[in-house]
Amino acid sequence: MTILAPSPTQRQLLAQWRGPTLALGAAGSGKTALCALAAAQVVSNGQVPLVLARSRQAASALKNQIASLLPGQAWQLQVATAHSFAVQAFHRWGEAAGFADAPAWRLLTAPEQEYRVRELLASMPEIWPEFLRQAVGTKSFAKRIRAVLQRVRQLGLDPGEVAEFGRQAGLPEWVAVGEFFEAYLDVLDAEMALDYAECTHRARLALAQAQAELPSLYQAVIVDDLSELDPAQLGLLYDLAAGLPVLATDNPQAAASTFRGAHPRAAQAFVSLFSPAVVELREAHRFASGLAMALGLVGSRLPVPVIGGAPRQLEPMAVAPGPAPSVLIAPTDTAQAEAVAALLQTAHSAGRRYREMAVLVRNTAQITTIVRYLAARGVPVQAPTGEIPLAQAPAVQPLLQGLRELLDAGEIPPDARPDALAWQFWDKTPWQAQLVAEAAEPGLPGLLANRDLDTLIEFFAFAGEVQEVGVKGVRSLLAQLEAQQIPADNVREDRPRRDAVAVLTVYRALGQQWPFVVLAGVQEESWPNLRRGGTLLNPDTLTSTGIGAPPTAGELLQAERRLFLSACACAAEELAVTASLGSIDGERQPSRFLAELGVDPLEHPPPGNDLPALVGDLRYRSTDSAPEAATAAANVLAVLAAGTDATGRPLAPGAHPDAWWGVREFPEAPAPRAPEDSAPARFQLSPSALSQLIECPRRYYLARQAHAEAPLGPAAAFGTLVHAVIEQGEQAVLAAGSLAPGLVVKLREELPAKLRAGWAELEYPARWLSVAGLQRAEAMLGRYLALEQARAAAGVELVAVEQEFEFQVPVSAVELVVKGKIDRLERTEAGLRVVDFKTGAPLSQGEVRYSDQLGVYQMGMGHAAVGEATAAGASMVFLKQGTAKGLATEYAQPPLTAEFDTGITGEQWLAERLEAAAMILAEGSYPASTNAHCTTCPFASSCPSQEAGRQLC
């Protein structure tokens with residue numbers, strides 16, 4: 001970033017700066033440039049400044065600016081964040097303040113801190129009031145407690161003071177917070193660890209012992225973005241800089257990090273602490289006229305801050321002519337992503353480099369969709385890896401799965417570090433060479449491979465910081481990653497960008513700028529987000545004097561408006577703001593902030609500069625209400641649809657109506673049969689399909705009749721193989737007539753060998769996953785053999801294996817035939833019992849009791865040729881989960897003659913289920929229905945009962 005020549009106000013301020021000075025200015029008024037100029041001036045005078053910035057990225061950028069003014073003298077600079085300076089101060093002077101071995105203490109990452117909080121909460125539930133006991137073990141409660149602890153130290157409070165505030169307010173939960181905080185500090189002291197807030201608190205104690213030394217280290221202190229400091233950091237600044245020349249810059253209307261404790265009244269607090277000279281920066285350094293006017297309109301809705309006894313209305317000013325922001329409201333998330341791509345492509349065609357553009361979103365969940373659509377449209381993208389929690393990164397998930405497999409198998413050496421174990425997985429597979437090769441490829445493959453490599457570097461760095469070893473170390477790493485909601489590492493963002501569009505959250509973008517910015521996803525409920533925590537342990541209710549009321553809706557709205565203003569100010573010349581209605585029936589509303597920009601929304605986004613974008617634009621215009629426009633668009637589409645390349649392939653397949661969703665009419669259901677017609681339609685149903693048909697007819701139709709499911713993966717093949725090997729063992733027992741000791745020995749040798757022989761046919765993406773799966777399968781075989789021995793010892797006789805059955809359901813609507821096979825039939829003292837083996841995740845006892853599949857098996861048992869009349873019920877054996885005795889977990893379903901519910905037998909319950917299935921098949925209509933399995937449904941993206949499917953339909 002080039003430092004422009006100082007403005008008259010900046011020159012005058014630098015010439016007179018001798019003591020505490022506060023420079024106020026709106027966005028684009030040159031506050032950061034002033035800090036760079038002031039630091040260079042101090043160094044030029046032979047002195048050493050300490051420069052504090054809002055973030056590591058901002059600190060790196062600011063240091064580069066200062067270095068450009070001081071060729072060869074950058075070694076004299078210390079540009080840091082308040083947090084990093086606090087760590088340095090504690091390590092340097094902590095021992096003098098009574099903290100033994102202070103240089104050896106380490107700083108906890110946010111996920112590590114949350115892990116410690118959760119562990120401690122689990123160990124002392126008794127301190128919390130009865131009405132909170134059930135919440136103590138939840139993740140959300142741990143997050144709330146972590147936020148409360150940060151707030152306590154930001155205000156400089158001790159555990160006893162918090163407990164006393166709770167007693168005064170009659171709030172036992174706050175009394176418990178004080179007790180918990182004291183135990184939390186004891187745990188961290190024992191580990192010689194600090195969280196961020198505690199480090200700042202102890203750094204202040206350490207600085208009290210360094211007052212004589214500080215003047216020789218720093219001769220001036222410069223702070224950029226003062227309003228991003230929390231109360232404890234403001235106190236640290238006062239302890240550090242009292243008596244020194246201090247220059248602080250601020251825009252009190254743009255404090256955006258209030259979620260970290262920052263407050264828009266930081267400038268007034270600075271005035272109270274330092275009694276500085278207050279200077280207003282009024283010259284424009286950045287914005288084009290249209291953008292400056294729009295930002296001024298948004299800022300005019302914020303309260304005017306009173307600083308130094310005078311109101312300070314700061315408005316962005318224009319440095320050059322330029323357009324007003326554009327506002328675009330898209331009907332769906334997909335249309336919004338396409339519109340963003342079109343806006344960027346249009347700007348690039350007009351001469352902007354991609355690195356001069358950025359797309360900002362409110363949360364990380366929106367990044368993946370935007371990146372996917374931009375990459376598909378050929379727009380180069382650079383998204384910080386830290387924007388997506390590591391545990392959710394596709395490149396990291398196989399490594400985490402490997403660690404979980406080792407945990408389940410009990411094969412983690414006691415002295416093994418978790419990062420070393422993960423490295424073994426990574427190093428011993430061809431995945432490493434494959435990623436490196438793909439990273440050198442152009443286009444989307446190279447982009448994805450480079451992203452994965454960056455993510456893996458971050459993962460191994462994070463895993464290397466885990467102090468524990470063995471099982472505890474692996475569990476600690478997995479728990480920390482599971483809890484991770486904020487980026488753990490963003491150092492690499494300091495690197496120069498390649499020519500690619502930056503896609504990042506607004507919080508990460510604050511303090512940066514690009515000539516052209518697209519602010520996406522600006523709709524109500526997400527922006528402004530007024531759904532903040534209530535009164536129960538709300539950190540915002542804690543003050544330095546007691547526990548008060550939570551922020552009002554008006555205060556939350558103003559905080560959201562400040563964030564919106566700061567995000568818009570990341571654009572220097574052009575700004576586009578987009579919103580998505582979510583679906584065609586308008587379930588969302590555009591944000592109220594859009595109207596505050598003072599511009600009318602565009603009716604339709606500009607088309608992109610590629611063929612798919614042109615086809616999409618023409619298809620949209622073919623629905624125009626004006627017949628002439630619709631006809632013209634349809635004619636051009638017809639020409640494009642007829643075009644082919646040299647090989648005869650269509651140039652624009654999407655131009656032909658055959659490729660359009662929703663154009664063809666839905667087929668009509670067959671007319672009901674007349675009474676004189678032939679016999680009713682015949683359907684066949686398997687036991688496993690009954691639940692699926694009733695719970696969601698649409699999924700049943702697509703999976704069972706349309707065969708639209710993807711090919712079976714390793715997990716399904718795993719289950720099939722294990723079942724096949726167990727069947728061979730069962731057949732051997734059945735042929736022998738009993739389980740003799742010699743047969744047990746034989747099965748223990750033969751069954752694992754047969755399993756390994758079939759295992760080579762399973763396709764796993766990595767060898768270590770295959771090895772872990774084989775170990776899991778062998779453990780299942782061990783539990784099966786233990787079950788055989790336990791059954792034999794109890795006098796249970798094996799009667800049949802893979803017993804076939806078939807029966808017809810007595811309903812009039814259709815001829816419904818149920819046909820299937822029973823894994824195992826055994827004879828007990830009570831009668832014949834069905835046993836079904838499962839290799840997947842165990843169900844609950846309640847789910848097994850009302851299992852349609854087991855019920856059908858019981859009914860089918862009466863039609864099987866086994867010569868038995870008395871039924872003893874059924875059970876599911878879950879081979880994946882073992883008991884303390886080495887047996888598989890087993891849950892039972894009562895005989896169908898028993899009462900399943902009040903006044904309803906199992907036979908009546910099952911008859912009602914079969915009748916319902918028959919009616920669905922008779923109607924021939926398969927509507928979608930929401931249920932507990934929607935999250936894992938392979939057809940959810942096109943399902944009308946789901947958000948994504950509603951957009952598509």
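**Figure 1. Side-chain contact between R824 and E730 in the predicted model.** The side chains of R824 and E730 are joined by a polar contact of 2.6 Å. The model shown here and in the following views is predicted. R824 belongs to strand β22, which covers residues 815-828. With a relative accessible area of 1%, R824 is buried. Residues up to four places away in sequence being left out, R824 touches E730, E788, R791, L798, A800, R833, V834, V835 and F837.

**Figure 2. Edge-to-face pair of F718 and W759.** The whole structure contains 23 aromatic pairs. In the pair of F718 and W759, the ring centres are 5.7 Å apart and the planes stand at 80 degrees, so the arrangement is edge-to-face. F718 counts as buried because its relative accessibility is 4%, under the 20% limit. W759 is buried as well, with a relative accessible area of 5%.

**Figure 3. Surroundings of the F900 ring.** Y850 and F900 form an edge-to-face pair, because their planes are at 80 degrees, with the ring centres 6.0 Å apart. This pair also links distant parts of the chain, 50 residues apart: Y850 is in the loop between α31 (845-849) and α32 (852-861), and F900 is in strand β26 (residues 899-901). Y850 is partly exposed, at a relative accessible area of 35%, whereas F900 is buried, at 4%. The ring of F900 also has the charged end of R849 over it, 5.3 Å from the ring centre.

Figure 4. R362 lies over the face of W527, and its distance from the ring centre is 5.0 Å. Elsewhere in the chain, one aromatic cluster is formed by F90, F99 and W105.

Figure 5. In soluble globular proteins, nonpolar side chains tend to be buried together. The largest nonpolar core of this model has 43 residues, and L22, F85, L226 and L237 are those with the most contacts inside it. Helix α4 (residues 82-93) gives the most to this core, contributing seven residues. Apart from neighbours within four places in sequence, L226 is in contact with L22, L234, L237, A248, T249, D250, A266, A267 and F270.

**Figure 6. Helix α5 and its burial.** Helix α5 consists of 14 residues, 110-123, and reaches 20 Å from its first C-alpha to its last, close to the 20 Å expected at 1.5 Å a residue. The helix is mostly covered, with 10 of its 14 residues buried. These buried residues are A110, P111, E112, Q113, E114, Y115, R116, V117, L120 and L121.

**Figure 7. Overall view for orientation.** The protein has 34 helices and 27 strands. Of its 953 residues, 48% count as buried. Among contacts between residues at least 6 apart in sequence, 75% join residues at least 24 apart.

Notes
Residues are numbered from 1 along each chain as its sequence is written. This is a predicted model: local features need pLDDT of at least 70, side-chain atom pairs count only at pLDDT 80 or more; totals for chains, interfaces and linings use all residues. Side-chain values use heavy atoms; hydrogens and water are left out. Helices (H or I, at least four residues) and strands (E, at least two) are DSSP runs, numbered from the N terminus. The expected span of a helix is 1.5 Å times one less than its number of residues. Buried means under 20% relative accessible area, exposed over 50%, partly exposed in between (1.4 Å probe, protein chains only). Rings of Phe, Tyr and Trp (its six-membered ring) pair if their centres lie within 6.5 Å; planes under 30 degrees apart count as stacked, over 60 as edge-to-face and the rest as tilted. A charge sits over a ring if NZ of Lys or CZ of Arg is within 6 Å of the ring centre and within 35 degrees of the ring normal. A polar contact is a pair of N or O atoms within 3.5 Å; within protein, one must be able to donate a hydrogen and the other to accept it, and residues adjacent in sequence count only if both atoms are side-chain atoms. Contact means heavy atoms within 4.5 Å. A nonpolar core is a set of buried Ala, Val, Leu, Ile, Met, Phe, Trp, Tyr and Cys residues joined through side-chain atoms within 4.5 Å.
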